[in-house]
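Good morning, and thank you for joining.

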Amino acid sequence: MKNLRTVILRSQAIEDFKANVLPWTIHRYESDGIPDWIARRECWNDWIDGLCKDSLISDWQYENWSPPDCCGD
């Protein structure tokens with residue numbers, strides 16, 4: 001998976017994460033209204049792992065993308 005012809009950009013991955021994964025994460029882990037930064041980062045990591053396994057991002061992207069701001073510091 002190192003040399004893919006096309007990959008999605010980080011900005012697109014973040015947009016998709018915010019639209020499709022983050023709402024579920026908030027519903028599942030933040031019923032008390034307090035952000036669960038650990039759960040958000042774990043879901044981000046799972047998200048990009050899936051993107052890599054589906055050959056939508058490269059190994060380099062997977063290994064070097066940090067969590068977006070919506071996942072805390």
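This is a predicted model: local features need pLDDT of at least 70, side-chain atom pairs count only at pLDDT 80 or more; totals for chains, interfaces and linings use all residues.

C52 is buried, with a relative accessible area of 7%; buried here means under 20% relative accessible area, exposed over 50% and partly exposed in between, with a 1.4 Å probe and protein chains only. Residues are numbered from 1 along each chain as its sequence is written, and side-chain values use heavy atoms, with hydrogens and water left out.

How many disulfides are there? With a disulfide taken as a pair of cysteine sulfur atoms within 2.5 Å, the count is zero. C52 takes part in none, as the nearest cysteine sulfur, that of C71, lies 18 Å away. C71 is itself buried, at a relative accessible area of 0%. Its closest cysteine sulfur is in C70, at 4.2 Å, which is too far for a bond.

I turn now to the helices, which are DSSP runs of H or I of at least four residues, numbered from the N terminus. Helix α1 (residues 10-20) packs against helix α3 (residues 37-53) at an angle of about 125°, and their axes are 11 Å apart. On the α1 side, A13, I14, D16 and F17 meet R40, C43, W44, W47 and L51 of α3, where contact means heavy atoms within 4.5 Å.

Notes
Axes are lines fitted to C-alpha atoms, for helices over the stretch in contact, and angles run from 0 to 180 degrees between N-to-C directions. Helices (H or I, at least four residues) and strands (E, at least two) are DSSP runs, numbered from the N terminus.
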